[in-house]
Amino acid sequence: MKTVLFQGDSITDAGRDRNNDNYRGNGYPTLVAGKLGAKYPGEYQFINRGVSGDRVVDINARIRRDLINLKPDYLTVLIGINDVWHEVGSGNGVCNEKYFRTYCEIIEEVQHDCPGVKIFILEPFVLKAAATEENWDYFKSETALRAESAKKVAEKYGLTFIPLQEKFDALCEKAAPDYWLLDGVHPSAMGHEVIAEAVCDALEKGLVF
């Protein structure tokens, strides 16, 4: 049985059970596991190791325990919004340059210790709603920088990049931003479905299943 590992912050965490890998939270990892697990029964295990509040440096700090030691065959990573948000809330964000460098360090270490792993980089995203509207110009511009850096990481290492910002921007023409991202950052059930569909499409288009 091959392992699909989801890595990221609270968007990935989504209330998962730290003591039970069978409960992957209320977000896109559960939706992906449900769809692909039903389509390919018994072929893959799906593990969620997202941690609420994490920045890219926090993923790097726990890289052995929550990533390398699990020896994933497939890895998805969604990280970046807290690197921006923590600067607003506590002055403890991660600048774009360090974000890129640290992301590269993560990929290189994972590829070295988990040869053959297929990695999928999800684009950080943000919308204008309760948590972001007061500092909207900052959130919009800085998140766009992290998104650009995430794409550059994918290009540098030949990884699959999964765009999300344009999807959410387009969907705001059909319903208000907080319909998709409750506070401008955390997805609703509908927002998680959008991410899950993009992840499933990328996994299957990559012919990894």
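This is a predicted model: local features need pLDDT of at least 70, side-chain atom pairs count only at pLDDT 80 or more; totals for chains, interfaces and linings use all residues.

Colleague: Fine. So where is Ala14 found?

Modeller: Ala14 sits in the loop between α1 (10-13) and α2 (28-39). Its phi is positive, about 50 degrees, although Ala14 is not a glycine.

Colleague: OK, switching to the cores. How many residues does the largest nonpolar core have?

Modeller: The largest nonpolar core has 37 residues, and Tyr28, Phe168 and Ile195 have the most contacts inside it. Helix α10 (residues 189-205) gives the largest share of this core, 8 residues.

Colleague: Which residues does Tyr28 contact, leaving aside its neighbours in sequence?

Modeller: Beyond four places in sequence, Tyr28 is in contact with Phe6, Gln7, Ile11, Thr12, Thr76, Leu78, Leu122, His192, Ile195, Ala196 and Val199. Apart from that core there's another one, of 28 residues, including Leu67, Cys104, Ile119 and Ala150.

Colleague: Now helix packing. At what angle do the axes of α6 and α7 cross?

Modeller: Roughly 30 degrees, with the axes of α6 (residues 96-113) and α7 (residues 136-157) coming within 10 Å. Angles under 35 degrees count as roughly parallel, so that's what α6 and α7 are to each other. The crossing of α6 over α7 is right-handed.

Colleague: Which residues make the contact?

Modeller: On the α6 side, they include Tyr99, Phe100, Tyr103, Cys104 and Ile107. From α7, Leu145, Arg146, Ala150 and Val153 are among them. By class, this contact of α6 with α7 has 9 nonpolar, 3 polar and 4 charged residues.

Colleague: And how far apart are the axes of α5 and α7?

Modeller: The axes of α5 (residues 81-90) and α7 are 9 Å apart, and the two helices pack at about 145 degrees. That crossing of α5 with α7 is right-handed. In α5, Ile81, Asp83, Val84, Trp85, Glu87 and Val88 meet Tyr138, Phe139, Glu142, Thr143 and Arg146 in α7. The class count for α5 with α7 is 6 nonpolar, 1 polar and 4 charged.

Colleague: Which residues of α5 are buried, and what covers them?

Modeller: The buried ones in α5 are Ile81, Asn82, Asp83 and Val84. Their cover includes α1, α3 (56-61), α6 and α7. Just after α5, Gly91 takes a positive phi of about 65 degrees.

Colleague: Last one: where is Asn60, and what does it touch?

Modeller: Asn60 is in helix α3. Not counting residues up to four places away in sequence, Asn60 touches Thr102, Glu105, Ile106 and Glu109. The C-alpha atoms of Asn60 and Thr102 are separated by 7.2 Å, though the two are 42 residues apart along the chain. Asn60 counts as partly exposed, at 21% relative accessibility.

How values were computed:
Residues are numbered from 1 along each chain as its sequence is written. Side-chain values use heavy atoms; hydrogens and water are left out. A nonpolar core is a set of buried Ala, Val, Leu, Ile, Met, Phe, Trp, Tyr and Cys residues joined through side-chain atoms within 4.5 Å. Buried means under 20% relative accessible area, exposed over 50%, partly exposed in between (1.4 Å probe, protein chains only). Helices (H or I, at least four residues) and strands (E, at least two) are DSSP runs, numbered from the N terminus. Contact means heavy atoms within 4.5 Å. Axes are lines fitted to C-alpha atoms, for helices over the stretch in contact, and angles run from 0 to 180 degrees between N-to-C directions. Angles under 35 degrees count as roughly parallel, over 145 as roughly antiparallel, 65 to 115 as roughly perpendicular and the rest as oblique. A crossing is left-handed if the near helix is turned anticlockwise from the far one by less than a right angle, and right-handed if clockwise. Ala, Val, Leu, Ile, Met, Phe, Trp, Tyr, Cys and Pro count as nonpolar, Asp, Glu, Lys and Arg as charged, and the others, Gly among them, as polar.
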